[in-house]
Number of protein chains: 2
Amino acid sequence: MADEELPENIALAWGLRDRPSRGPKRSLSLEQVVAAGIQVAQAEGLPAVSMSRVASELGVSTMSLYRYVPTKHDLLDLMVDTAFGPPPQPRAPGEGWRPALARWGEGHLTALRRQPWIRHVPINGAPINPNQVRWLEYGLHALRGTGLRATERISTIMLVNGYARSWATLSLDLAEAAARSGQTPDEVGMRYWRNLTVVTAPGPYPAIHELLTETGDEDDDEDAEWRFGLGRVLDGVEVLIESRATQDPAGR
Amino acid sequence: MADEELPENIALAWGLRDRPSRGPKRSLSLEQVVAAGIQVAQAEGLPAVSMSRVASELGVSTMSLYRYVPTKHDLLDLMVDTAFGPPPQPRAPGEGWRPALARWGEGHLTALRRQPWIRHVPINGAPINPNQVRWLEYGLHALRGTGLRATERISTIMLVNGYARSWATLSLDLAEAAARSGQTPDEVGMRYWRNLTVVTAPGPYPAIHELLTETGDEDDDEDAEWRFGLGRVLDGVEVLIESRATQDPAGR
DNA sequence: TATCTTCTGCGTATGGTCTACGCATTAAAG
DNA sequence: CTTTAATGCGTAGACCATACGCAGAAGATA
């Protein structure tokens, strides 16, 4: 196997570890450690995930964990990859790129909503862990045959990915701030607008005041804003794809 | 002044603090504390910003800082707001929404590039600090008279903001990973593709392999991908604005 | 002027964090 | 049976944020 050359991180995540056959049996598996970390994060939030907390969850000592994971950050990366899980149903044979890519974006949102702590794990670099690679495959697959070039396909899925992540972060932050203060998200939103009104009162902020006086006829649908942004992104992609199709049908 | 009702955070950021006229003179100002924090973050990265590090930078004791700032996170918020600085030149009278909004997005990227540590400060909630509010004003101003509704204007600038932030994060992470390993960003990119090739070799990843075999005719321009994504986003917004203009010229 | 009141800076202490190092034990390989 | 490597873990070091309380400074008040 060509698992040489690979950094320790990656080999670990893909299960390409050599036989540790000489010493005593390990009392745990990497999967158990990762699962315990996820459980703590899910139950008590990411700040509660310390090595000692995870270790006590498993009934072992703190330092034992370092026989399974080189560093805490590697554990977090593995937790994210496992918690994200595999991508949704891939693009069906007759399906267009747009619904497939929309489903991809929704999948990100769903995963982040189900495990809100994921958004607080700092991103290390380009996606290389197993599930991340599967999501990458899905996203690229959705854009096959659209006439977009390689760099354009990558940029497009990064665009959707970034939008889903930033929107999920914003809406979850709001919801958690609400829960923390024992109010509904609507109340927190109202309080924000009121605070904004107070601080912008003395200064020249015409566009903000215009916004504040436009009484929003509250859309009940929680996800209307999400779908709005996603629609704009996909519209922008569609403009490019269609212009390619008409100007240069061969896909270059 | 209507500075009652405002949370401590916000009052502090807007300089709406009451007269502390009774006791001894303070030996520092809030601005000095924030500036010292920024200096440490800029020179040694965000993890180096501890209360004791900032205090020693100022020649005072650790606990003295808590007379200026309620908690460390409030200090970080103030640091971000100060480091971001004011937005760029606002939309000129005859200027269209699109170049103005593009400049807004570029401004985000420039600010994040100049102070890369900003991206590691976790976002607390909706923008309420002075410079953040100025950026908000700018963004909304750029969309005045486009026929977009209030929620649509907000969603649009959140979209551009999220894109700029996520793209800056990704490109800076890559650059820092490169610097850390003493390689050029290109080398790190090559290494990533090679690692991806290795791990995807045994499995079924047709779209990724298609991507990997498409030899990218390397675009020299570093920001080509950034401008690609921004162009798609703005195209998507343009589609909506134009459809509004033709269907409903009155702006709803 | 003398006292009161409030605010300052800071010393101490608590309870946490990650992880480097080394040691005794275990179990498979030769 | 010996060799060898891997395991779990105890100890310790170097940090971290911040709660609490105290001595002293200086404006407000009598």
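**Close-up views of a predicted protein–DNA model**

View 1. The model is predicted. Of the 25 residues around DNA strand D, those that come nearest are Ser27(A), Ser64(A), Arg67(A), Tyr68(A) and Tyr66(B).

View 2. Arg26(A) places a polar side-chain atom 2.8 Å from a phosphate oxygen of DNA strand D. In chain B, an N or O atom in the side chain of Arg22(B) is 3.2 Å from a sugar or linking oxygen of DNA strand D.

**View 3. The annotated segment of chain A.** An unreviewed UniProt entry places the feature "DNA-binding region" at residues 50–69 of chain A. This span is 40% helix and 0% strand, and its end C-alpha atoms lie 13 Å apart.

**View 4. The largest nonpolar core.** This core has 145 residues. Those touching the most other members are Met79(A), Leu101(A) and Trp117(A), together with Met79(B), Leu101(B) and Trp117(B).

**View 5. Surroundings of Met79(B).** Leaving aside residues up to four places away in sequence, Met79(B) touches Val34(B), Gly37(B), Ile38(B), Ala41(B), Val49(B) and Trp117(B). Both Met79(B) and Trp117(B) are among the core residues that touch the most other members.

Methods. Residues are numbered from 1 along each chain as its sequence is written. Chains are lettered from A and ligands numbered from 1 in the order in which they are written. This is a predicted model: local features need pLDDT of at least 70, side-chain atom pairs count only at pLDDT 80 or more; totals for chains, interfaces and linings use all residues. Side-chain values use heavy atoms; hydrogens and water are left out. UniProt positions are given in the numbering used here, feature names are shortened, and annotations may be inferred rather than shown by experiment. Helices (H or I, at least four residues) and strands (E, at least two) are DSSP runs, numbered from the N terminus. A residue is near a molecule or strand if one of its heavy atoms lies within 4 Å of it. A polar contact is a pair of N or O atoms within 3.5 Å; within protein, one must be able to donate a hydrogen and the other to accept it, and residues adjacent in sequence count only if both atoms are side-chain atoms. A nonpolar core is a set of buried Ala, Val, Leu, Ile, Met, Phe, Trp, Tyr and Cys residues joined through side-chain atoms within 4.5 Å. Buried means under 20% relative accessible area, exposed over 50%, partly exposed in between (1.4 Å probe, protein chains only). Contact means heavy atoms within 4.5 Å.
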